[in-house]
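Q: I'm new to this one. Can you walk me through it?

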Amino acid sequence: MPVPVHTPRINNNDDFARLAHLYVPPGSFLSRGDPLADIETDKATFTVEAERDGYLLCVKAQVGETVAVGSILAWMGDAADEKPPADPSAGTAVGAGGEDRQPTLKAALLLARYGLAAAEVPAAGQRLAASDVERYVAGRPLPAPKPSAPRTDRPMAPSEPGRNAELTRAERGMLRTVLWQNEAVPAYLEIAYDPRPWDEFAAGFQRQHRLLMSPLLALFAWRLVRIAAEQPAINATLAGERKHVYDHVNLGFTVQSGPSLYAVVVRQAEAMDMLPFVQKLGELQRSAMRDALRPEDVSGATVGFSSMARWGVTRHVPVLLPHSALMAAHAAPVGGAASLGATYDHRLLHGADAVRVLQALASPPGKE
């Protein structure tokens with residue numbers, strides 16, 4: 001008797017997955033526990049295994065296609081020539097007849113928004129999905145959803161007496177940067193790497209060009225610029241519900257000058273070779289020390305780099321610069337080992353994107 005193989009749920013919030021790989025063609029014999037297929041979402045990959053001994057009769061999707069969670073992915077049988085049911089959804093569709101169906105998180109939010117009960121909405125799979133609710137809402141007149149409570153941007157007044165003072169230019173810049181975190185969806189990850197190749201590369205570069213100061217951090221920043229030029233997704237931001245990919249890579253680099261923290265910006269850095277970039281960044285750092293930065297020197301960053309190694313900080317989680325999607329973090333090594341981190345806007349990038357950036361950043365130019 002043919003038995004269905006259903007598409008499992010990988011993440012609670014994902015109602016669909018992609019069929020990424022088939023391990024065997026239809027007609028093949030599988031033992032219980034043998035891999036049948038890989039399905040994936042943006043965050044994870046899962047191997048579907050045979051739940052019984054039998055023959056793979058058919059697969060209901062092509063590799064690369066999207067399949068609904070809970071739908072029939074394949075059929076297995078006791079003989080290779082068995083025929084699956086004519087109705088490919090037989091035994092999988094769940095109606096509104098009172099079955100106990102747990103909605104997904106997205107579906108539950110939509111039910112609450114439209115004032116619906118889960119039992120009212122027919123489900124195509126084993127769980128009530130957001131797509132089921134949206135389909136139900138589109139097919140019948142419903143009251144408009146309740147508007148959200150109005151926002152108020154009035155700041156809370158201090159409860160104790162004191163005096164007001166104007167923010168400095170650096171403090172205003174910090175305020176704009178921190179407020180950006182209320183709009184972005186920052187996430188953070190890090191990888192371990194061997195710092196010795198970078199130390200050797202920077203020392204050789206310093207000797208070759210007779211530089212007074214180590215160019216290590218500037219070279220790290222230049223390497224990030226090249227990565228951003230090669231991977232435009234990290235040199236972008238959101239404009240409404242559309243991705244805004246920048247024409248140029250403007251590298252924001254944090255500089256501490258006395259009590260002030262600046263993010264100086266090397267504009268159109270993708271057009272610079274290593275030495276001109278290091279020299280330009282040095283000029284901006286010296287201007288910051290003299291408090292002589294111009295507005296264009298501290299605005300327009302499209303990707304960022306920050307380090308707290310000079311203070312011996314071994315883990316550094318920076319905030320995102322305004323209207324940027326990634327900020328790389330450099331920290332001090334411990335016992336010969338070190339880590340590189342990245343804060344990234346999860347609306348645009350996922351963890352694998354950030355990891356690829358850090359893996360590339362871990363190797364100096366010419367050592368990739």
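A: Start with a definition: on a 1 Å grid over the protein atoms alone, a cavity is a set of points where a 1.4 Å probe fits but cannot get out, while a pocket is an open set with protein on both sides within 12 Å along at least five of seven lines; lining residues have an atom within 4 Å of a point. Grid points are joined across faces, edges and corners, and a volume is the space filled by probe spheres set on the points. This is a predicted model, where local features need pLDDT of at least 70 and side-chain atom pairs count only at pLDDT 80 or more, though totals for chains, interfaces and linings use all residues. Residues are numbered from 1 along each chain as its sequence is written, and side-chain values use heavy atoms, with hydrogens and water left out.

Q: How many cavities of 30 Å³ or more are there?
A: By this rule, one. The largest cavity has a volume of about 30 Å³.

Q: Which residues line the largest cavity?
A: Its lining is made of Tyr188, Glu190, Arg315, His316, Ala329, His330, Ala331, Ser339, Leu340 and Gly341. Two or more of the lining residues come from each of β9 (186-193), β15 (326-330) and β16 (338-345). Helices (H or I, at least four residues) and strands (E, at least two) are DSSP runs, numbered from the N terminus.

Q: Which of those gives the most to the lining?
A: β16, with three residues.

Q: And by class, what is in the lining of the largest cavity?
A: Four nonpolar, four polar and two charged residues. Here Ala, Val, Leu, Ile, Met, Phe, Trp, Tyr, Cys and Pro count as nonpolar, Asp, Glu, Lys and Arg as charged, and the others, Gly among them, as polar.

Q: OK, pockets. What volume does the largest pocket have?
A: About 1500 Å³. The largest pocket is lined by 49 residues, and Phe253, Thr254, Val255, Gln256 and Gln285 lie nearest its centre.

Q: Which elements supply at least two residues of that lining?
A: Among them are the helices α3 (169-180), α5 (216-230) and α6 (274-289). By class, the lining of the largest pocket has 30 nonpolar, 14 polar and five charged residues.

Q: Switching to helices. At what angle do α4 and α5 pack?
A: About 110 degrees, with their axes 9 Å apart. That makes α4 roughly perpendicular to α5. Axes are lines fitted to C-alpha atoms, for helices over the stretch in contact, and angles run from 0 to 180 degrees between N-to-C directions. Angles under 35 degrees count as roughly parallel, over 145 as roughly antiparallel, 65 to 115 as roughly perpendicular and the rest as oblique.

Q: Which residues make that contact?
A: From α4, Trp198, Asp199, Phe201, Ala202 and Phe205; from α5, Leu216, Leu219, Phe220 and Arg223. Contact means heavy atoms within 4.5 Å. These residues divide into seven nonpolar, no polar and two charged.

Q: What about α4 and α6?
A: Helix α4 (residues 196-209) packs with α6 at an angle of about 85 degrees, and their axes are 12 Å apart. The two are therefore roughly perpendicular to each other. Phe201, Phe205 and His209 of α4 make the contact with Met274, Leu275 and Val278 of α6.

Q: Last topic: where is Tyr246?
A: In the loop between β11 (242-245) and β12. Tyr246 and Asn235 are eleven residues apart in sequence and 6.1 Å apart in space, C-alpha to C-alpha. Leaving aside neighbours within four places in sequence, Tyr246 is in contact with Asn235, Ala236, Thr237, Thr302 and His323.
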